[in-house]
Amino acid sequence: MDFTKFKTSASMTALAAAVASSAVSMNASALTTSEEVQQLYIAYLGRPADKPGLDYWTTEIDGGILSLEQLRANLVNEQPEYLENYGQLGTVELVETIYQNLFNRTFDEAGRDYWVGQVEQGLVLPDDLLLAFINGAFPDDQTVVANKVLVAECFTQSTADYTDSEVELLLASQGPSVTLADCPDTSVEGTAAYVARNNELKGDFSENVALLAGGLYSIDGEVNFLDGAQLTIPAGTTLFGETGSSYLAINRGAKIYANGTADEPVTFTSALDVAGQAEQNDQGQWGGLTILGKSTNNKGERTYEAGTQLYGPVDGVADPADGSGELEYVIIKYSGFEVEVDKELNGLSLGSVGSGTKIENIAIIGSADDGIELWGGTVNVTNLYVYNAGDDSIDTDQGYVGTIDNVYVQQVVVDDETDSRGIEADSFDTTSAGDPVAVPTLRNATLDTIGRAIRLREGTGYIFDNVQVNVKSSSADPESDSYFADVAAIRISDDVTFNTALIQTEGGGIGINNEAVSYSVSDSAAGDITANGEVATGLGLYRDADTKAYFDGLSDVHATVGVSGDDVDEGFLDSDGSPFMAEVAADNIITGADVSVFDWAIEGVQDKETVVVQGDITTDTTWSASNLYALNGEVNVIAPATLTIEAGTTIFGVTGSSYLAINRGAMIMADGTAANPIVFTSAQDIAGLNTGEEQGQWGGLTILGQSTNNRGERTYEAGTQLYGPADGVTIEDDNSGILRYVVVKYTGFEVEKDKELNGISLGSVGSGTIIENVASIGSADDGIEMWGGTVNVNGLYVYNAGDDSLDTDQGYTGTMSNVYAEQSVVDDEVDSRVIEADGLNSTDGGDPQSKPVLIDAILKAKGRAIRLREGTGYVFNNVQVTVLDTTVDATADAIRISDDITFTLAGIETAGAGIAIKNNADAAALYRDDATEAYFDTLTNVFEDDDTSLSITEYDRSWIPGWTK
């Protein structure tokens with residue numbers, strides 16, 4: 001038996017016996033009580049102790065009231081986290097999981113088999129395995145646990161108030177030499193703690209940093225990972241440059257592991273992009289990603305052209321197999337900032353990067369300079385997609401000798417008169433190719449270019465294997481004498497390149513097609529095409545006769561444009577002046593890239609266009625899911641226009657006062673699905689800057705109808721729009737359209753004092769309107785407010801409203817069913833409620849009387865829960881009301897009837913299963929006063945201090961993007 005990671009088998013047996021008899025040693029002589037408690041939390045719950053828990057257990061243990069074994073038993077038997085981590089595992093899986101969770105490593109088979117045997121023989125109980133592992137571990141593994149304990153102490157004792165995500169990162173990144181004195185200072189740039197605290201990479205990093213999956217991190221200025229440091233970026237993570245000159249450089253000797261997936265790529269982009277303000281063909285909004293290695297280079301140790309970092313051989317020694325880490329499923333967007341004239345950053349810059357580096361499945365979108373540039377190096381690149389590079393899509397230089405396999409290039413807005421190419425290839429200079437000579441291999445590639453496609457110079461070699469070149473168009477003047485040279489697909493530029501003669505074809509060779517050129521045939525003069533269907537002078541294919549002659553000498557060059565049957569039938573003349581005698585099939589298209597490989601990238605990087613909407617919409621309009629829509633200011637849909645919003649569409653408010661109002665007589669058809677809901681949100685949310693608890697970042701969604709209202713025609717409180725009867729006519733079943741699977745987030749901007757926009761505002765909306773499965777999250781005012789109307793709402797989720805979750809007024813008589821409302825950060829001292837219900841005024845209930853019906857609802861309040869006033873009625877049917885806690889007043893009551901008119905009209909009722917009320921802050925504080933209590937005592941099915949009697953299926957809000965509770 002191999003115990004290389006554990007103590008002797010004799011000590012194991014003794015330990016097993018000790019554990020079986022509930023002896024808990026915990027290496028007590030070496031640990032403080034606080035550390036002993038932390039050790040148990042780390043082992044059994046996988047997290048640091050929270051401060052209150054740590055203080056409680058430490059005091060109880062030091063006072064002799066409780067023991068460590070009782071704490072362990074509590075964690076096993078009382079904490080659901082233990083059950084989640086370990087409780088459902090079989091013995092083998094349990095042992096293997098403990099290895100990973102405690103020691104950050106996979107199991108060794110001998111150790112695993114030993115512990116499985118101990119459990120199966122009854123020598124160690126499964127619940128005791130964690131403790132047995134700690135006490136029996138070899139010193140290396142005990143050090144790992146000790147480091148976790150010290151990080152936990154940093155978290156619990158520090159005044160820095162670390163978040164859970166920061167602790168996760170600290171636990172993953174601390175090395176074996178950490179001490180409590182090393183608790184990280186989150187204000188120091190260039191440290192993992194700074195990154196965790198600020199979600200920002202800034203400065204020079206000499207230590208490892210592991211980002212959190214799905215996180216959003218900014219890159220501030222020039223960021224360097226220095227020799228020995230490692231940056232780990234999990235799938236789904238996004239990094240963005242704060243400014244144009246911001247870029248990330250992985251220096252020589254450092255490593256990057258950016259491991260995305262097709263479904264969750266790692267994304268590098270610009271601040272404008274995360275704010276939803278970048279367009280598909282933008283460029284140059286930040287720097288880019290640079291990796292510098294120790295591999296070969298025919299110019300020796302070099303300084304990066306856009307900075308001061310070094311690449312290439314160290315002390316004259318190059319390492320062709322140098323490894324700088326891994327990039328897989330990575331998107332780099334809108335890069336290529338010009339640091340100064342002729343010093344531009346690229347999308348992906350690789351300086352002497354070695355073959356030990358893995359680069360696969362890369363998409364580079366909208367670099368103002370090159371898409372990818374390689375100065376020397378031996379690294380191979382597999383599955384490369386370059387879209388809309390401003391200069392060259394692929395640029396190789398200084399002796400690069402790697403292979404680039406399966407490549408799709410699309411040029412979009414490049415100016416082909418400024419030496420921009422699909423490929424630019426250099427080696428050393430115009431008189432020498434250098435050592436090593438650059439000989440890139442391009443295999444399985446499709447190059448869709450504008451004008452000039454390939455330029456080969458400075459002695460470079462090149463190997464083309466199944467490379468399809470398609471010149472799609474040109475920006476050059478077709479009337480210019482130099483047009484055919486300007487749009488020629490391929491050029492060899494200088495003598496040293498001809499003389500070195502290392503440009504070759506292999507396998508599938510190269511196909512050349514130029515759609516920017518029309519070839520001439522004639523019945524009276526010699527045409528451009530030879531009898532065998534080739535271009536006689538190479539027009540459109542080669543820049544000059546020497547380049548043509550070179551490629552004519554290669555095999556597998558597919559450049560035959562063909563001869564059509566019409567050419568033969570009409571007796572047109574070939575380039576020698578002879579009539580075409582036979583049809584010749586074109587042979588200038590070969591297989592090229594497997595473009596299907598890039599489905600993940602093309603879908604993700606063909607960004608949605610942002611359409612700015614402002615002013616009035618007066619004609620029928622459709623908003624497509626293929627675009628983002630930015631509401632700038634007050635946007636009104638005016639009768640008789642209908643606004644149709646496709647499922648999956650996202651709309652955001654540009655400013656705080658931006659909101660969408662569907663005016664009386666107009667309609668909205670927002671018919672989403674659970675899989676593709678329609679989302680209204682804020683610019684900050686689009687930028688990825690929100691945590692989920694924000695409020696008041698833009699206006700919201702307002703719908704105004706012509707249904708009932710006990711105050712007559714009214715003006716919307718936050719604007720000038722009208723709702724209610726028009727010319728004295730009320731339409732009870734008025735139809736304002738459809739809201740289905742719609743979520744409205746981070747709303748409630750205060751237009752002026754006491755005039756706030758809500759999440760969803762409904763003014764006299766009629767019963768002909770369909771509202772199903774809607775969510776209001778983070779409104780600074782009400783989650784949903786109804787001023788009159790008869791509309792029914794089926795499926796309603798309201799979270800974190802700053803004022804009332806459900807607010808009804810002015811004679812609303814509809815039904816709200818299948819409802820979940822939860823308050824989060826509301827201030828219950830300012831009359832905020834989970835329900836506020838009004839009628840007309842303190843002396844008159846109005847006609848119609850407000851009488852909402854609430855069915856199948858779970859309401860979770862902070863402090864005061866329900867206020868009923870101004871003569872309102874209300875029908876509660878299967879409604880659970882729980883006061884979770886209170887922000888200030890520990891005696892805050894759950895329910896209040898506020899005025900005489902409400903008591904007098906007696907419209908508050910229960911139906912069906914009734915209402916259950918519980919106050920967790922104060923069980924006795926169910927009613928504001930004796931009169932309210934007496935009223936509810938007369939109702940049937942009122943369950944007091946009760947949260948179990950009613951059967952309510954909690955609203956399933958899993959369809960809501962980014963729901964937090």
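Colleague: Helices (H or I, at least four residues) and strands (E, at least two) are DSSP runs, numbered from the N terminus. In which strand is Asn 877 found?

Modeller: Asn 877 is in strand S51, residues 874-885. Please note that this is a predicted model, in which local features need pLDDT of at least 70 and side-chain atom pairs count only at pLDDT 80 or more, while totals for chains, interfaces and linings use all residues. Residues are numbered from 1 along each chain as its sequence is written, and side-chain values use heavy atoms, with hydrogens and water left out.

Colleague: Is Asn 877 buried or exposed?

Modeller: Asn 877 counts as buried because its relative accessibility is 18%. Buried means under 20% relative accessible area, exposed over 50%, and partly exposed in between, with a 1.4 Å probe and protein chains only.

Colleague: What is Asn 877 in contact with, beyond its neighbours within four places in sequence?

Modeller: With contact taken as heavy atoms within 4.5 Å, Asn 877 meets Leu 854, Ile 855, Asp 856, Ala 911, Gly 912, Ala 913 and Gly 914, apart from those sequence neighbours. A polar atom of the Asn 877 side chain also lies 3.3 Å from the backbone nitrogen of Ala 913. A polar contact is a pair of N or O atoms within 3.5 Å; within protein, one must be able to donate a hydrogen and the other to accept it, and residues adjacent in sequence count only if both atoms are side-chain atoms.

Colleague: Turning to helix H15, which of its residues are buried?

Modeller: In H15, residues 545-552, the buried ones are Thr 547, Lys 548, Tyr 550 and Phe 551. Seen down the axis, they fall within an arc of 160 degrees, so they line one face of the helix. That arc is taken from the directions from the helix axis to the C-beta atoms.

Colleague: And what do they pack against?

Modeller: The partners of the buried residues include S24, helix H14 (495-500) and strand S26 (503-514). On the face turned away from the buried side, H15 carries the exposed residues Ala 545 and Asp 546. At the start of H15, a side-chain oxygen of Asp 544 comes to within 3.3 Å of the backbone nitrogen of Asp 546.

Colleague: Which residues touch the most other members of the largest nonpolar core?

Modeller: They are Leu 201, Phe 225, Leu 248, Ile 256 and Phe 268, in a core of 76 residues. Strand S24 (residues 462-473) gives the most to this core, with 5 residues. Apart from it lies another core of 68 residues, among them Tyr 629, Ile 760, Val 834 and Ile 915. A nonpolar core is a set of buried Ala, Val, Leu, Ile, Met, Phe, Trp, Tyr and Cys residues joined through side-chain atoms within 4.5 Å.

Colleague: How many aromatic pairs are there?

Modeller: The whole structure has 29 aromatic pairs. One of them is Tyr 462 with Phe 464, which is stacked at 4.8 Å centre to centre and 20 degrees between the planes. Rings of Phe, Tyr and Trp (its six-membered ring) pair if their centres lie within 6.5 Å; planes under 30 degrees apart count as stacked, over 60 as edge-to-face and the rest as tilted. Both Tyr 462 and Phe 464 are buried. Elsewhere, ring pairs link Tyr 247, Tyr 304, Tyr 311 and Trp 375 into a cluster.

Colleague: Finally, how many helices and strands does the chain have?

Modeller: The chain has 20 helices and 55 strands. Of its 965 residues, 56% count as buried.
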